[in-house]
Amino acid sequence: MTSETLWYANRATGAVCLVLFTVVVLLGIAVRLRARIPGLPRFGTMSLHRTLSLSATAFLALHITTAIVDSYVNITPVDAVIPFVSDYQPLWLGLGTVALDLMLAVLVTSLLRERLGHRAWRAVHWLAYASWPVALLHGIGIGTDTGADWMTWLTVACVATVIAAFAARLAHAARAARHTPAALLRTAEGVRP
């Protein structure tokens, strides 16, 4: 495979990863909100979340592999898993490595979910929320298409949808907190929550 082909493959898989991981985050929020996707039963949302998570991880593996195999820039397997040690753009590549390491923790604990228990799995699963913006910054900082109109609009669309979904998640959590037994008791006693 030529270096030019690898370069295009790396760019393409990076953009696909952005879209897929954005959809995974949105589906994760939908699962937490117990939302249904039209045409799917409730468990279908969770199943789609898991399936797309694995698909996104496969594209991420391809993205990393093409970056390592491409000889135009010297990125080693060590650079891919240990943050900020690369000679090539250590900050931006390091952010991608941090995002990868966080996602690996989420992936491994998800595969071991039955053995870990729900609380431990859930605590680690929160890292997915951290990995998405870190990966986004990686792409903005190191991506060769960052200045292109199509990539700008794609990035803006992904950020806007995640912010909207996260705002819905926070609003849902706030409503649920107002309806806890303590809040209901205060309301019954005449104290506004």
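User: How many residues does the largest nonpolar core have, and which of them have the most contacts inside it?

Analyst: A word on the source comes before the answer. This is a predicted model, in which local features need pLDDT of at least 70 and side-chain atom pairs count only at pLDDT 80 or more, while totals for chains, interfaces and linings use all residues. Residues are numbered from 1 along each chain as its sequence is written, and side-chain values use heavy atoms, with hydrogens and water left out.

The largest nonpolar core has 22 residues. Phe21, Leu60 and Trp132 have the most contacts inside it. A nonpolar core here is a set of buried Ala, Val, Leu, Ile, Met, Phe, Trp, Tyr and Cys residues joined through side-chain atoms within 4.5 Å. Buried means under 20% relative accessible area, exposed means over 50%, and partly exposed lies in between (1.4 Å probe, protein chains only).

Which elements build this core? Two or more residues each come from α1 (3-32), α2 (42-69), α4 (90-111), α7 (127-142) and α8 (149-178). Helix α1 gives the most, with 9 residues. Helices (H or I, at least four residues) and strands (E, at least two) are DSSP runs, numbered from the N terminus.

Now take Trp132. Leaving aside its neighbours within four places in sequence, Trp132 is in contact with Leu18, Phe21, Thr22 and Val25, and also with Cys158, Val159 and Val162. Contact means heavy atoms within 4.5 Å. Phe21, on that list, is also among the residues with the most contacts inside the core.

Val19 gives another view of helix α1, where it is found. Val19 has a relative accessible area of 33%, so it is partly exposed. Beyond its neighbours within four places in sequence, Val19 is in contact with Leu154 and Cys158. Cys158 is also in contact with Trp132. The C-alpha atoms of Val19 and Ala157 are separated by 9.5 Å, although these residues are 138 apart along the chain.

Next comes His138, in helix α7. Its relative accessibility is 14%, so His138 counts as buried. Not counting residues up to four places away in sequence, His138 touches His63, Trp92, Leu93, Leu95, Gly96 and Gly143.

Helix α7 has a neighbour to look at. Helix α6 (residues 118-125) packs with α7 at an angle of about 15 degrees, with the axes 5 Å apart. Axes are lines fitted to C-alpha atoms, for helices over the stretch in contact, and angles run from 0 to 180 degrees between N-to-C directions. The two helices are therefore roughly parallel to each other. Angles under 35 degrees count as roughly parallel, over 145 as roughly antiparallel, 65 to 115 as roughly perpendicular and the rest as oblique. Ala123, Val124 and His125 of α6 make the contact with Leu127, Ala128 and Tyr129 of α7.

Tyr129 leads on to the aromatic rings. The structure holds 3 aromatic pairs. In one of them, Trp126 and Tyr129 are tilted, at 5.1 Å centre to centre and 45 degrees between the planes. Rings of Phe, Tyr and Trp (its six-membered ring) pair if their centres lie within 6.5 Å; planes under 30 degrees apart count as stacked, over 60 as edge-to-face and the rest as tilted. Trp126 has 41% relative accessibility and so counts as partly exposed. Tyr129, at 25%, is also partly exposed.

Arg11 lies over the face of Trp7, at 4.2 Å from the ring centre. The charged end of Arg113 sits over the ring of Trp121, 3.8 Å from its centre. A charge sits over a ring if NZ of Lys or CZ of Arg is within 6 Å of the ring centre and within 35 degrees of the ring normal.

Last, the setting. The protein has 9 helices and 0 strands. Of its 193 residues, 31% count as buried. Among contacts between residues at least 6 apart in sequence, 59% join residues at least 24 apart. The C-alpha trace spans about 70 × 40 × 35 Å along its principal axes.
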